[in-house]
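Me: I have a structure to go through with you. Please hold each label against its definition.

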Amino acid sequence: MEITKKVYSAPEAKELLLQAVDEIVSLLGEDSYNNPELITERLTGWASALSGPLYDAIGYEIAHRHVQGIMIDVWVGPPGSGKGTNIDTLELLGKAYAEVVSQGGARQLQEPMHTNLLNRSLDRTVIVTGTGGMFNKPTGEYVELFGKLVAVIGPYVASGGFVPDAMVSVLTYLLLLYRLTQNYQAIQIDLVPRTRQQFVEYQRLLAAVTKQGGKITSSIVILAALPDHILEKVTRSVSQYNSDAIEIGKLFAKQMNAEWYLALLDGLKNGPERSSLQRFEAENVLLRQLFEKVTDEAKTLRFGAEIIQELETIVSRMEYRFHQELEEGKDLRPDAFPTSIVKRLLVYVTVTAPTFYQESMNNNQEITFYVVSTAGTPEEVAQGLFEKVLGNSDTDDVWKQVKVYAGKVASALVYGKRPLVDDCVRAVGGILLP
């Protein structure tokens, strides 16, 4: 396939994405199951050849279609850390504020809160790479775009193949190009980049956009289920924390490969048929045993207790989400059960978090990093996020009231009370009117 620098139409950008998927499927032929290492090498080569022209094309697109520039927010955090809730909260209140300001005579907030909140009102889209998105159980539009890919990626990975970082980046940014042609100005990405190599590709993209004359504002929001006082310790000792996180991952891997764990897991898989709730509870018992063994071994690590604490917090939140979705009769995600949850958490702890904690300390001039605690209630998390991402003024009474309603909106979203969300958004409009 050929990618050139031009202003694409939406159908043209979509066709590029579909063509890329077809080429990947072709590369993932029958040989992939016999020689996954060879196919990984081919996929990497294929993606690496496309990345440069693609990044230049995105830069050209932004420079000529979005002359005022675009915003890209990358949201980083383990499952259940509140990414979706807080993305929605910022957007809802940004739109409420923009609507009132557009009417004239509003009580405008001080800078930088005024501009930052207005920016959150821009038409935005979320690029999803995980469940419901590119590689796992696609839904909605993702079925048409990536359905062919999902059918072959599963067997390839099961045979020992590895989805290359370069390929993930190319697919993500082809979708980004498509979204740009649909005139979205604000792009929320969940969760790429997630490895160090993907972060390098992201920096290449930003550099290419600047080189082509495009304007881009980029931020990475790291949501950590740790209290603020622990996060302060982490930022003072990032290298030690990252080292301990990797060791925690090794401890979990050792226990998950131990005979006791494999025997119990096999018993769950091959035992009597269970309802979803019974399966969850049985797996949860096994997970608690796993945590007990790892916790004992982690005591010698400086940050061992803190890392275990964050993992247990996330597991508890995922348990709440599972029961909520079960009560509401929603289709349960295939990775919503404890033995799958812990695998997802370990990828985050050992790969993603170390990458971004380290990068947040590197004084990157192109990207603004925010590290936000999600250890509190939804209200506390939303208010803390507002202060870090949008700015803060203790002397602005209107801003204080907006923050209070931000917390109420986030709480209503978490607990599924949509009418209350609408009431809170209207109340914010009332605060801002003279």
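Reply: Start with Gln255, which sits in helix 10 (residues 238-256). Helices here are DSSP runs of H or I with at least four residues, strands are runs of E with at least two, and both are numbered from the N terminus. This is a predicted model, where local features need pLDDT of at least 70, side-chain atom pairs count only at pLDDT 80 or more, and totals for chains, interfaces and linings use all residues. Residues are numbered from 1 along each chain as its sequence is written, and side-chain values use heavy atoms, with hydrogens and water left out.

Me: Why is Gln255 called buried?

Reply: Its relative accessible area is 10%. Buried means under 20%, exposed over 50%, and partly exposed in between (1.4 Å probe, protein chains only). Gln255 is therefore buried.

Me: What makes the pair of Gln255 and Trp260 a polar contact?

Reply: Their side chains come to 2.8 Å. The term needs a pair of N or O atoms within 3.5 Å; within protein, one must be able to donate a hydrogen and the other to accept it, and residues adjacent in sequence count only if both atoms are side-chain atoms. The pair of Gln255 and Trp260 qualifies as a polar contact.

Me: Which residues does Gln255 contact, leaving aside neighbours within four places in sequence?

Reply: Trp260, Tyr261, Leu290, Lys293, Val294 and Glu297. Contact means heavy atoms within 4.5 Å.

Me: Why is Ser219 buried?

Reply: Ser219 has a relative accessible area of 6%, so it is classed as buried. It belongs to strand 4 (residues 216-224). The Ser219 side chain also makes a polar contact with that of Asp73, at 2.5 Å. Beyond four places in sequence, Ser219 touches residues including Ile72, Val74, Ile367 and Tyr370.

Me: Which residues touch the most other members of the largest nonpolar core?

Reply: Ile58, Phe146, Met167, Leu171, Phe252 and Tyr357, out of 101 residues. Helix 7 (residues 165-181) gives the most to this core, twelve residues. Another core lies apart from it, with 32 residues, Leu93 and Leu223 among them. A nonpolar core is a set of buried Ala, Val, Leu, Ile, Met, Phe, Trp, Tyr and Cys residues joined through side-chain atoms within 4.5 Å.

Me: What does Phe146 contact, leaving aside neighbours within four places in sequence?

Reply: Leu17, Val21, Met134, Leu171 and Leu175.
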